[in-house]
Amino acid sequence: MTMSMLRRRSEFFGLLDTVCSPKTDTMKTDVLRRASAPNPGMGAGTGLSHETQQLTPSEEYLQTLLQMKITSSDQFDNLEKHTQSGIEFVERYTKFVKERSEIEINYAKQIKNLSKKYQPKKNSKEEEENKYTSCRAFLSTLNELNDYAGQHEVIAENLTSQIITELLRYLTELKAERKSHFHDGRKAQQHIECSWKQLESSKRRFERDCKEADRAQQYFERMDADINVTKADVEKARQQAQMRHQMAADSKSEYSNFLTKFNQEQNEHYYTLIPNIFQKLQEMEERRIERVGVSMKTYAEVDREVLPIVGKCLDGMTKAAESIEPKTDSKQVVESYKSGFEPPGDVEFEDYGPGQSMKRTVSETSLSNSRGEAKERPSGGKSKGKLWPFIKNKNKGSGPEDFSHLPPEQRRKKLQAKIDDLNKDIQKEMDQKDALTKMKGVYEKNPQMGDPASVDPRLVEMAMNIEKLQSEVQKFEGWLAEVEGRLPSKSDPPRRQSGLYETQNSNSSTVANNCAQDRESPDGSYTEEQSSETQVKVAIANTPEFDDEFDDGDEETLPTIGTCKAIYQFEGHNEGTISVTEGELLYVIEEDKGDGWTRVRRNEEEEGYVPTSYVEVLLETNAKDS
């Protein structure tokens, strides 16, 4: 019987070694089922309940151990699954916010591209139409839309910085904390299981020693009662029994110590360690849930923060729409296309009698003036040909410099705008010239700061630019005076340098005879809009200064009097000048006559003036002597 029990104990130890392995799940279920379910052979027919079933010692120990694991380890498994699910939820929410941020960025980008696409291009028809209130309102709407898109970029940035980045960092901390807690729980579980194994081992050893002591005592008593046994054998049996009793007493003491230690550790395990770990896991889970709630609140606040600015953008769009004024736009159209023409006069009645041929009387204001009828008019008469609003103007494009292809009112506006632009350019050049003059004065007072002579070429160039611009202003003012009907007469004070208008007035009759046939429009109507310009040009052609200065066809090629080398680069933009590059060799054909300019030639067909300070002149000996 003793050997049989020992064999069952050894089988139990083998079973105990595999109790924590994955293969024991089925065994656990079977043991628990056997412990709780009624025995099929002892059912209602026998009148015995399952409470009367007896478990083997190994099954009793396994049942106790499984109860311990169910109490703690299985709860750790459930908590591990739950907390892992919570981490996955945070990761899923973070991914959701990240995708929302990407949508906001793409939406803002598309809105900005849309706004940019419909912005008016420079020097285009759309830019010219900005004078209308509806076009300006649309431009304001596009600008507000661009700001509106910027707010969606702000949303994306705030979602990334306030939610996504924070949650990613928190997830890293959460995973580390969760891992630490479960590590502590498994460590505590392993420790209590190890203590339980030590207790059971000491208990089995105590049980074995007690039985051995009983057998030794019985053996001693048999030997002592047997008269055939020697006294030495009896003494030996007595000593063996005492030794076994002492071993049983030691095992008892060891078992008692292990039992006390296990009870203390078990109490600490179930009442201190495990509750603390569970409490930490609970607090960790609560912080996770709270953090998700804060992130969801921030998600709403990010949108709410931009609502005031978005509202201002929408208010700006509404204000732009309310600023549209149809009457103002229609007046702008009238002002833009107002021609200044007078309505046509009545057509005279032309009688047709016997033997008489019909002769058309050309009306100066007729809509049907033809090219032929215009040529039949007497040269002495001076008509006022017009381009009527219902006759298609075929003269499209940029037109002549004096804008004579436009109706009087439009021509006046264009000329006035051109004069204003030229005056701005003159003022700009004069401001730059004043600045350089002051700089030159500073250099003269403080030579160490710079060479005053280095500023002279630029001052000369600016002076020429100003003179050219002023000449352009005078030319356009003359054309403007024609349109406004206030051409200067002899009694008027001189407004310009040249005496072209005096020559024009003195030769007015000749010019009128030469310009009797006015220019005609392509559709057959004729106009006299450039007659004054023709008079000016004829007057210029009749002046002796014009013959002396511009009749180059009769001039002979000037001889070369020396050479020069360009020491600076000069861009000859003005008429009569020539561009040179630094280090270029040129031929000198006319010396500086005190005006700061030297006339040079590059080849037989290319010559002009350059600033004398820009070149180093080497005159020939004969030229110097002369």
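What follows is a short talk about helices, aromatic rings and a sheet in a predicted model.

Colleague: Why are H8 and H10 called roughly perpendicular?

Modeller: The axes of helix H8 (residues 326-337) and helix H10 (residues 408-445) cross at roughly 90 degrees. Angles of 65 to 115 degrees count as roughly perpendicular, so H8 and H10 get that label. Glu-335, Ser-336 and Tyr-337 of H8 make the contact with Glu-409, Gln-410 and Lys-413 of H10.

Colleague: What makes the pair of Tyr-93 and Phe-96 tilted?

Modeller: The angle between the planes is 40 degrees. Planes under 30 degrees apart count as stacked and over 60 as edge-to-face, with the rest tilted, so this pair is tilted.

Colleague: Why is the pair of Phe-570 and Tyr-614 called edge-to-face?

Modeller: The planes of Phe-570 and Tyr-614 stand at 80 degrees, and over 60 counts as edge-to-face. The ring centres are 5.6 Å apart, and rings pair if their centres lie within 6.5 Å.

Colleague: How do you know whether Phe-570 is buried or exposed?

Modeller: Buried means under 20% relative accessible area. Phe-570 has 4%, so Phe-570 counts as buried. Tyr-614, at 10%, also counts as buried.

Colleague: What makes E4 and E5 edge strands?

Modeller: The open sheet has the order E4-E3-E2-E1-E5. Strand E4 (607-611) and strand E5 (615-619) each have a single partner strand, so one side of each is left without a neighbour in the sheet.

Definitions and conventions. Residues numbered from 1 in each chain as written. Predicted model: local features only at pLDDT ≥ 70, side-chain atom pairs only at ≥ 80, totals over all residues. Heavy atoms only, no water. Pairing = 2+ DSSP bridges. Helix = DSSP H or I, 4+ residues; strand = E, 2+ residues; numbered from the N terminus. Axes fitted to C-alpha atoms, helices over the stretch in contact; angles between N-to-C directions. Parallel < 35°, antiparallel > 145°, perpendicular 65-115°, else oblique. Contact = heavy atoms within 4.5 Å. Phe/Tyr/Trp six-rings, centres within 6.5 Å; stacked < 30°, edge-to-face > 60°. Buried < 20%, exposed > 50% of the residue type's maximum accessible area, 1.4 Å probe, protein only.
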